[in-house]
Amino acid sequence: MQRQVWMRMIKIHLLLNSLLVMILGVAVIVMALWTGRDARFTAVRSITVENNNYTIIHSAVLYTALALSAFLVVAGVLCASGLIRESERLLAAGFIILALLFCVAVQLGYWMFTRVGEVEGAVMDVYDFLYHDFLRNQSDSAGQHLTAFHTAFSCCGKHSRSPLTGPVESITCPAGLRAMGQGCLLAVSASLQKHMDWCWALLLLMMAAVVSGMILTSFLFFSIRLGVSGERQGKYTLAGR
């Protein structure tokens, strides 16, 4: 009786964990779409300059998030289906996908920890190019891109100072942003840091759910294998008279 109670608790835990994994898959795709539609990132991605590395980084992150969300949903569905049907194959497939997701999550965490400066540097490289191009040539395209950049990040100029009365700032910055005196270097760093905090929270929650799912799935797999999965012990048939 006590064994059945424990098995029932484990099954409920695995079912809830599978639902959490599927919800995390939806959350990842929502985060990816929000990043793709955000005015700040859209303003940087739409700038056509030579060696715009941010466009490559943005596309890589977006496609990685789409693939990650798909695998999370598939893993949750497999684990839940294997639990309901008590299928060893479905549980094994769910465990394999969860193990792959754990490896991917560790790699993503390493990349986020070591390469976050490259994203900020790519954004500021685009801004520096536009800034100096407008300072030298006063081109209309550079001025429009700078105005869109300043409006999206709510910043003006490279460095924080007040008042901002340089030739670039006086033309491409709205009056309210010039009065604030917040430089784009600090604004970009703060925006990316806030976005990375959300990504870290989502990644850590995903890793916890994946590890929990791997433990519960493997435990239930061997329980079914050994015939101690709960009340039901295989299929029952009526013998003919």
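Does C155 count as buried or exposed, and at what relative accessibility? C155 counts as buried, because its relative accessibility is 1%. Here buried means under 20% relative accessible area, exposed over 50% and partly exposed in between, with a 1.4 Å probe and protein chains only.

Before moving on, note that this is a predicted model: local features need pLDDT of at least 70, side-chain atom pairs count only at pLDDT 80 or more, and totals for chains, interfaces and linings use all residues. Residues are numbered from 1 along each chain as its sequence is written, and side-chain values use heavy atoms, leaving out hydrogens and water.

Select C155 and C184. Their sulfur atoms sit 2.2 Å apart and form a disulfide (a pair of cysteine sulfur atoms within 2.5 Å). The structure holds one disulfide. C155 lies in the loop between α6 (140–153) and α7 (167–172), and C184 in helix α9 (residues 184–226), 29 residues apart. Helices are DSSP runs of H or I, at least four residues, and strands are runs of E, at least two, numbered from the N terminus. The S-S torsion is about 85 degrees, so the disulfide is right-handed. C184 is buried, at 0%.

Now select α9. Just after α9, find G227, with a positive phi of about 80 degrees.
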